[in-house]
Amino acid sequence: MNEAAAPGGEAIVREEGAQLDFSKDMSYGDYLHLDQVLSAQHPLSPDHNEMLFIIQHQTSELWMKLMLHELHGAVTQVAADQLPEAFKMLARVSRIMEQLVHAWDVLGTMTPPEYSAIRPYLSNSSGFQSAQYRRIEFMLGNKNAAMLKPHAHRADLLAGVQAAYEAPSLYDEVLRLMNRRGIAVPASRLDRDWTQPYAADDGVKAAWLEVYRDPKAHWDLYQMGEELVDLEDAFRLWRFRHVTTVERVIGFKRGTGGTGGVSYLRKMLDVVLFPELWALRTEL
Ligand code: HEM
Ligand SMILES: N[C@@H](CC(=O)c1ccccc1NC=O)C(=O)O
């Protein structure tokens, strides 16, 4: 220990009982596998700002991993009629999404000349090819077969995306739950081709209206509706911050993934995940 920097420091930590010898015990870095996590940043350009770009994406992917874990848990609990457990998980998913919304503030410090120094090194790679992001979109009901294609060359990744594509979404499971609870949901929404994107339905709106017109009688379904609105609200903010950051950094250039760039991302702002939960508000 450096005596000049911390006079008596070692004596203090010993007195506090801090463990200092990890030659035989699992340490912090061992438990978290930090050697692997912290050696996975490999800038391709000589530019200073590429580290920001890499870490921003890697941390986003880690949060997405947790979102998927929680979303899977929530879908399982809804299917098993265990709503308090599902609420806890869904609340966490929304807070993670909010965390990702605020993460754009860090990337926003990157200017167009700074990004232009990195961009040629990205080749045709793009967030469009994020398998975890696509699984989240599919679990939330935004199904689209074309989005499977970027993963065709990776059987391991494709399997996860395909499974989410073929399974009922969180919203599909919630509608089945409502029906089990005696709120009639049209048969066409209870058993359908789950690979199709969800389409709004007046019968489903009527079902949610029953819940929202008498919250006390259907408190947990009412709470579920609001949890879903919370989640979609946060997701919309994320999409909006993405497109605004992109416009700020590359203007109206085409994306490295091959789309029109801002024009594509703006179209994605129109996606509505849980349409009846928004539509019913006009009628209350
Ligand atoms: C300077 C920063 C960024 C720029 C310029 C940018 C640009 C773009 C563009 C142009 C697209 C459209 C697809 C394409 O043609 O490439 C896109 C899609 C996407 N980006 Fe980014 N992006 C940035 C940061 C991020 C970050 C930090 C994430 C977080 C993981 C992210 C995740 C995604 C995802 C998931 C898509 C697919 C969206 C969808 O299909 O709806 N991007 N990005
Ligand atoms: N689509 C971006 C490139 C990009 O942002 C990107 C490239 C590689 C890994 C992650 C990325 N982030 C989100 O799309 C662009 O057109 O500049």
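A residue is buried if 20 or more other C-beta atoms lie within 10 Å of its own, exposed if 12 or fewer, and partly exposed in between, with C-beta atoms placed from the backbone. Helices (H or I, at least four residues) and strands (E, at least two) are DSSP runs, numbered from the N terminus.

The model is predicted: local features need pLDDT of at least 70 and side-chain atom pairs count only at pLDDT 80 or more, while totals for chains, interfaces and linings use all residues. Residues are numbered from 1 along each chain as its sequence is written, and chains are lettered from A and ligands numbered from 1 in the order in which they are written.

**Exercise 1.** State how many helices and strands the protein has, and what percentage of its residues count as buried.

*Solution.* Step 1: the secondary structure consists of 13 helices and zero strands. Step 2: of the 284 residues, 22% are buried. Step 3: the C-alpha trace spans about 75 × 55 × 40 Å along its principal axes.

**Exercise 2.** Explain why phenylalanine 235 counts as buried, and name the residues it touches.

*Solution.* Step 1: phenylalanine 235 belongs to helix α11. Step 2: phenylalanine 235 counts as buried because 21 other C-beta atoms lie within 10 Å. Step 3: two residues are in contact if their C-beta atoms, placed from the backbone, lie within 7 Å. Step 4: leaving aside residues up to four places away in sequence, phenylalanine 235 touches Met97 and Leu273.

**Exercise 3.** Identify the residues of the largest nonpolar core that touch the most other members.

*Solution.* Step 1: a nonpolar core is a set of buried Ala, Val, Leu, Ile, Met, Phe, Trp, Tyr and Cys residues joined through C-beta atoms within 7 Å. Step 2: the largest such core holds 38 residues, of which Leu71, Ala74, Val93, Leu170, Tyr171, Val174 and Met178 touch the most other members. Step 3: two or more residues of this core come from each of α4, α5 (83-107), α7 (131-139), α8 (155-166), α9 (170-180), α10 (202-213) and α11. Step 4: methionine 178 touches Ile183, Val185, Ala207 and Leu221, not counting residues up to four places away in sequence.

**Exercise 4.** Describe the shell around ligand 1 by its elements and its residue classes.

*Solution.* Step 1: a residue is near a molecule or strand if its C-beta atom, placed from the backbone, lies within 6 Å of it. Step 2: ligand 1 is surrounded by 24 residues, and the closest are Ser126, Gly127, Gly255, Gly257 and Thr259. Step 3: α4, α11 (219-250) and α12 (262-268) are the elements that each give two or more residues to this shell. Step 4: α11 supplies the largest share, five residues. Step 5: Ala, Val, Leu, Ile, Met, Phe, Trp, Tyr, Cys and Pro count as nonpolar, Asp, Glu, Lys and Arg as charged, and the others, Gly among them, as polar.

**Exercise 5.** Determine whether histidine 57 is buried, partly exposed or exposed, and where it lies.

*Solution.* Step 1: histidine 57 is part of helix α4. Step 2: histidine 57 is partly exposed, because it has 13 C-beta neighbours inside 10 Å. Step 3: histidine 57 is one of the residues around ligand 2, which include Arg119 and Thr256. Step 4: the shell around ligand 2 has two nonpolar, seven polar and one charged residue. Step 5: in an unreviewed UniProt entry, the annotation "binding site" covers residues including His57, Arg119 and Thr256. UniProt positions are given in the numbering used here, feature names are shortened, and annotations may be inferred rather than shown by experiment.
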